[in-house]
Amino acid sequence: MHSTLFIQSPPALGNQYGDDPFLRAYLQRRLPAGMLAQIEPSLSELGELAGGELYRLQLQDRLNEPTLTQWDAWGNRIDRIEVSPLWRRAAEIAATQGLIAIPYERRHGRYSRIHQFAAVYLFHPSSDVYTCPLAMTDGAARTLTVSGNQALIDRAVIRLTSRDPAQAWTSGQWMTESTGGSDVGASLTQAVRDESGQWRLYGKKWFTSAITSQMALTLARPEGNGPGGSGLAMFFVETHNDDGALNGIRVERLKDKLGTRKVPTAELTLDGARAELVGDTRHGTRNIEPMLTVTRAWNSVTSVSFMRRALALARAYARQRRAFGAKLDELPLHVDTLAGLEAETRGAFLLAFELVELMGRQEAGEIDDTQKALLRVITPIAKLLTAKQAVSVVSECIEAFGGAGYVEDTGLPLLLRDTQVLPIWEGTTNVLALDTLLRGELGVGLPALRQRLQLAMTAHDRTPNMDGRLAKAGQQALAAVEHVFDWLSHNDDPRRLQAHARRVAMTLGRALELALLVEFGDVAAACRFAAAPVDLLVDINSEDSARLIE
């Protein structure tokens, strides 16, 4: 008797631009036709790389991780880090495709950011999070550009934005110390002038991503300054001296992390590192704000990109996997599950790119006061909400593979581990919720957000609305925002506000996502999104909460 051996085919990816009708529809609506015709070939090329060469290399490169060699054979401290083959290839592609250059070349004015982030969206999930140094590079380029420090602009920005892989720099962002992650005001790193007037940095940076970069922006406390964020200053540091030796930097170890294992995240000691002051000697936390806007936009777009990749794989698998006598994409419950994830992904996409559009307007000088207020309030909201959605959606997609999703050599568990960094990096969910509530200038930000929702509501009249379902979904979004307005007007106790900050921020974000789906005229996605909870602002008794964690 002969047994029949069945081997399941793995999910396959095609051109990730050609296979993403929602991305193409968004670009067709937002970009001038002539511009889209110019950039579409490069986006298609990136889509082919992402679904082809890079994805294959990612699977082959799965077990490679960065390595740190601290000493050479003769006892010299060298702290040399080698990155994975995929990272080396990703660096070439990122530079030649202009993933940092595009918004600084500004060939398409305020649309340049949309062009850039459409490319990032395609590139990210096949890059093993090479987008981490890219995000910080973009943030550094933006921060230096608006700093007014012409010497540093001439020295660094031209390299950070270069399309030549041999000349292109990336930048680190060294903020985190063991005294506090999000609480950067607790930094203990000292800045001291030497006899020649050169700034020297001394201290320990507990968590520094992409240590292989040629430079970094970091915070330190100049001698004599007081405590807190106001006593910090921002500094520019080149990682190596002219002779190739590290610039007063010791790499103590590489971090052993849950995910983003291809990113060389290091624990550093700064022992007299030469540095240049970027702004003034105080208010360094204020000076890094341009960087945070940029990196939080990267976090939002890469969140959506991971969601799209996980869904692309899950849908490809569903088209070929048979169970209970049918393919998975013919089983109503499986279809229903993937449909809910698709609606979440589309809502998150539109929120992330709303932030991108506003950034482009600001940088092109085509932004009014209302849009400025909207940009300020949705920057933390977009980052916190899309990151949480990404973890949830990717987790569900992994489950859609059954046991195969739990097996490392399928490459699927990597997606979930790498996605988990997104709610943590650039401010945790709670920190960003407080940023929304306490520093988001809600007095002007909330009216701006409500005005944006109302504008979105008018769009459904231009779309076949299937018996008013879009209008009903739009009213649900507006009602959620009105609930937040009413709740805030009746609650001014600081402790109560803080306890509810996450629910406030997420309600505002989900309401805006729903409104943007209505504006887009996506009936199926808007109605499915509306069927999930949108208004999350429920009253929680703080005394009960305290008892539960005693």
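Visitor: Is Ser-126 buried or exposed?
Guide: Ser-126 is buried, with a relative accessible area of 0%. Buried means under 20% relative accessible area, exposed over 50%, partly exposed in between (1.4 Å probe, protein chains only).

Visitor: Before I go on, what am I looking at?
Guide: This is a predicted model, where local features need pLDDT of at least 70, side-chain atom pairs count only at pLDDT 80 or more, and totals for chains, interfaces and linings use all residues. Residues are numbered from 1 along each chain as its sequence is written, and side-chain values use heavy atoms, with hydrogens and water left out.

Visitor: Back to Ser-126, which residue does its side chain make a polar contact with?
Guide: The side chain of Arg-309, at 3.0 Å. A polar contact is a pair of N or O atoms within 3.5 Å; within protein, one must be able to donate a hydrogen and the other to accept it, and residues adjacent in sequence count only if both atoms are side-chain atoms.

Visitor: Which residues are buried in the helix at 150-160?
Guide: In α8, those are Leu-152, Ile-153, Ala-156, Val-157 and Leu-160. They sit on the same side of α8, because they cover an arc of only 115 degrees around the axis, going by the directions from the helix axis to the C-beta atoms. Helices (H or I, at least four residues) and strands (E, at least two) are DSSP runs, numbered from the N terminus.
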